[in-house]
Amino acid sequence: MDVGEGQSYTFRDVYDLVFPVLFKVVYHIIRDKTIAEDLCQEAFIRYYNKRVSLPNITESKYWLIRVAKNLAFNYRKRKLREAGAVYRLKQEGPKIQEDNQYDLIKEETKAAVKGAVDSLPVKYRSVLILKEYGELNYKEIAQILHISENNVKIRVYRARVLLEKNLNLGDLHVF
Amino acid sequence: MCFKGQTLSAYVDGEIDVSQCTEIEVHLELCDGCRKKVDLLNSLKGQFKSLGEDIDSFTSEAIWTRITHSTSPGKGLGFWHRGFIISPSLMLTFSFLFIAVLGVGLFFTIPRDTSFQLTSDTSGSLFNTENFPLEIPIDNVEKILSYFDIHDEPLEIFIQLPSTSDFFIQGEPLFLKKNDYIAGR
Amino acid sequence: MIILLVVDLVKRYLFIVLLFFSLSSVYSVDINDALKYLENNVLNIEIITRIVDENSVVIWDAHMSRITISGKSVKVKLQGVNLLVITDITPYIRNDSTILLVSQGEIWIGSPDSEEMNHYSTIKSLPVSFGESVLFFPLGVIKAMNTKIYNIELEILVSQNISGSGD
């Protein structure tokens, strides 16, 4: 749903525009669909209580993504502290159930990538998730995180360098 | 001249302006090193695509329903225990109150032995201030500890002197070591 | 909802609750630690009150002892027809295993043909060894040898008490 700037928009308009990207971002931080739904709901409820102070739908989108990202990272930090190893194990990705060699490799790769992303420092993980899952450009990411575009560019690059190092991409199959 | 890694990363993300883009593409045809870097960056991006989670419209509508339900006036929350938002300061206040109540409750429930039995002394005339004979049983240290807990006041010995005669002051009251007294005499 | 809130708070702040319990356990003294402390600090104060004549012959006496600990005073009240003597004895165990005996005496004495009471007091700190006697003469020391008068003396003896014994 495309809502132009300067036009009046409803809460539903914001929801339709932002929810898909919000859910992807939160899900890829939390890796739990149910909790991701709850956190997205929480972010929208907070937005609902605050929306009168935001000038336009773009600002609303950035605000929502920022809030949801923080909620997700805080939740994750709390859960990691509480559950420790059990949670970390859960975060490593789906268990490999397929006998088929092709699927096995694919699942291993997915698990490896998830694990590698999770091991990134928060500031690098944030920009990468916003870029790759949020499908946001550098300018948008800069506005959400309150940093410069150049900073976003550097962080994305450094995140990829670290990811490459963690994955040791020489052995990885690309599909 | 080769491009910086972050420039190639931005190129892969489509964040480079048109003129620089052309420059990079020309360079990539000539430079194996930079082409390999770009291939690697693209493969990384490809990995993310494989992890993508699709949102079905059912999920989206379900969450919308929950949101509208919770933001409608007078209606309760679907996940009510989650929806009860507590500010950190309120939570901290509740925590301290909880601990204080627990502490007070524990303090007043600590049992105290008030039924300490005392026995009489046999030498001289020995009375406590209420004229009851008393003695501290001191056969074991546990009872001493218990006694001190109950009777946290000076240990008093009250002696009734024989009324045979009056007493007179002889000199200044005096404390001294017995050996010094004997030596002095 | 209140119960869930409390449970959530307990879960979140369990470490504070546990800290409180560990601190409160300080007040529920471990009896073995208390006994060990007491073994080193329990003192037996033996007090012998004597009435002597001018020739230092003991006319009357009273023996008693009290268990105390370093720093806790024992008060002796002697009451006669015209006399009240209050003696406050506080032993302190010193680092070199001697005792500092802080003794305070107050005397109220009246004359037989008058209702007036005179008050005297004295305080003295004496370093003594265990088993070393200290004498207190609340009425002073008899000087006149030829007059038939009676005097009071208290002998104070501090010893270490481990097993505990009393009158």
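Analyst: Helices and strands here are DSSP runs, numbered from the N terminus: a helix is a run of H or I with at least four residues, and a strand is a run of E with at least two. The model is predicted, so local features need a pLDDT of at least 70 and side-chain atom pairs count only at pLDDT 80 or more, while totals for chains, interfaces and linings use all residues. Residues are numbered from 1 along each chain as its sequence is written, and chains are lettered from A and ligands numbered from 1 in the order in which they are written.

Chain C is built on another plan, with three helices and eight strands, in the order α-α-α-β-β-β-β-β-β-β-β.

Next comes burial. A residue is buried if 20 or more other C-beta atoms lie within 10 Å of its own, exposed if 12 or fewer do, and partly exposed in between, with the C-beta atoms placed from the backbone. In chain A, which has 175 residues, 37% are buried. For chain C, with 167 residues, the share is 26%.

Contacts show how the chain folds back on itself. Two residues are in contact if their C-beta atoms, placed from the backbone, lie within 7 Å. Among the contacts of chain A with a separation of 6 or more, 59% join residues 24 or more positions apart. The corresponding figure for chain C is 51%.

Now the interior. A nonpolar core is a set of buried Ala, Val, Leu, Ile, Met, Phe, Trp, Tyr and Cys residues joined through C-beta atoms within 7 Å. The largest such core has 53 residues, and those that touch the most other members are L22(A), V25(A), V26(A), L39(A), C40(A), A43(A) and A68(A). Helix α1 of chain A, residues 11-30, supplies the largest share of this core, 12 residues. Another core, of 30 residues, lies apart from it and includes L43(C), V74(C), L135(C) and L154(C). In soluble globular proteins, nonpolar side chains tend to be buried together.

A43(A) shows this packing residue by residue. Beyond its neighbours within four places in sequence, A43(A) is in contact with L22(A), L64(A), V67(A), A68(A) and L71(A).

Helix α7 of chain A, residues 138-145, also has buried residues: Y138(A), E140(A), I141(A) and I144(A). They lie on the same side of α7(A), because they cover an arc of only 160 degrees around the axis, the arc being that of the directions from the helix axis to the C-beta atoms. After α7(A) comes H146(A), which has a positive phi, near 60 degrees.

Chain A also meets a partner. Its contact with chain B involves 31 residues of chain A and 28 residues of chain B. On the chain A side, the elements giving two or more residues are α1, α2 (33-50), α5 (101-118), α6 (122-132) and α8 (149-167). The most come from α8(A), with eight residues. By type, the residues on this side are 19 nonpolar, two polar and 10 charged. In this count Ala, Val, Leu, Ile, Met, Phe, Trp, Tyr, Cys and Pro are nonpolar, Asp, Glu, Lys and Arg are charged, and the others, Gly among them, are polar.

Last comes confidence. The pLDDT is the predictor's confidence in each residue, from 0 to 100. Chain A averages 77, and 74% of the residues score at least 70. Within chain A, confidence is highest in α7(A), with a mean of 92, and lowest in helix α4, residues 85-91, with a mean of 51. Residues 92-100 of chain A stay under 50, and the model gives them 15 contacts beyond four places in sequence. Residues 170-175 of chain A are also below 50, with eight contacts in the model beyond near neighbours in sequence. Where pLDDT is low, the predicted coordinates should not be read in detail. The model as a whole scores ipTM 0.70 and pTM 0.43.
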